Amino acid sequence: MRETVQILKEQVQHFNKITRIARYDQRAAYQSHYLGMLWEVLSPTLQVLIYYFVFGIRMNGASSMDAGVPYIVWMLAGMIPWFFISAIIVSGANSIYSNLSLVSRVKFPMSILPSITIFKSLYSYATMLVILLGFLFINHIFPTIYWTQFFYYFLCMCLFLYAISLLNATITILFRDYQLIIGSAMRLLFFISGAVIDVTANPDSLMTKILKLNPFVYIIEGFRDSFFSRQWFFEEPWWTAYFWGMTLFVLGVGSILHLRFKDRFMDYL
């Protein structure tokens, strides 16, 4: 618990540094491209359009399990957070290793590197959210009081992504093959996290109960609960308690490993 508090305090103390470096890295990533930061908008837009043509048109206007919600809108509500989740997990796992040469020369809290990775992707995520809102309004799905819990699920997503990124980034330093394992695992998680397939369609089945142990299902279904005005997060108290228990456990393990090995990271290069 002490390690977790220390790690979280570092995020608060260095918040300005996190946002400043994230903005710099974001600009630097596109400075050699003619369209520059415009790619932050074009890239997610192209991805959404591809999935629209592949799934939306092929499904020929079919409805999802949610009454009155076209499949393409239902899918986008899950795909857009999945794009963000997938990008953060893959890049977050390499966030410390790719910056070791920098932190070895400068007094730098390495625990903020996964946070920088998250902040760098927020602009792209916001762009995709605007696209989703466009699809919702076109299909006559308008804001209700349930939409306010979007901020709760957004917090859930960011905190869990930080926890898993800190753990993965530390393990990647100790065991380089772990980065390849993550890449393979993400392909499986894509199908069992509910982005394009309704994994909660049969709530009483054993398979559904197993799949709901995946924290990403809680997040993705939570966004759908918000935008489609299905239910409040506190209507699933045990699932909510499980998610936060898992988040704190992963954050705790990641914090302990990070603080235990951070002074010896250079030895593993």
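Helices here are DSSP runs of H or I with at least four residues, and strands are runs of E with at least two, numbered from the N terminus. The model is predicted, so local features need pLDDT of at least 70 and side-chain atom pairs count only at pLDDT 80 or more, while totals for chains, interfaces and linings use all residues. Residues are numbered from 1 along each chain as its sequence is written, and side-chain values use heavy atoms, with hydrogens and water left out.

**Met-110**
- Met-110 sits in the loop between α5 (100-103) and α6 (113-120).
- With a relative accessible area of 13%, Met-110 is buried (under 20%; exposed is over 50%, partly exposed in between, using a 1.4 Å probe and protein chains only).
- Ile-7 is 103 residues from Met-110 in sequence, yet their C-alpha atoms are 9.9 Å apart.

**Gln-179**
- Helix α9 (residues 178-192) holds Gln-179, which is buried at 19% relative accessibility.
- A polar atom of the Gln-179 side chain lies 3.3 Å from the backbone oxygen of Val-90.
- Beyond neighbours within four places in sequence, Gln-179 is in contact (heavy atoms within 4.5 Å) with Val-90, Ala-93, Asn-94 and Thr-172.

**Nonpolar cores**
- A nonpolar core is a set of buried Ala, Val, Leu, Ile, Met, Phe, Trp, Tyr and Cys residues joined through side-chain atoms within 4.5 Å.
- The largest has 64 residues, of which Trp-82, Leu-161, Phe-216, Phe-227 and Phe-228 touch the most other members.
- Helix α4 gives this core its largest share, 15 residues.
- A second, separate core of 13 residues includes Ile-96, Phe-108, Leu-113 and Ile-116.

Notes:
A polar contact is a pair of N or O atoms within 3.5 Å; within protein, one must be able to donate a hydrogen and the other to accept it, and residues adjacent in sequence count only if both atoms are side-chain atoms.
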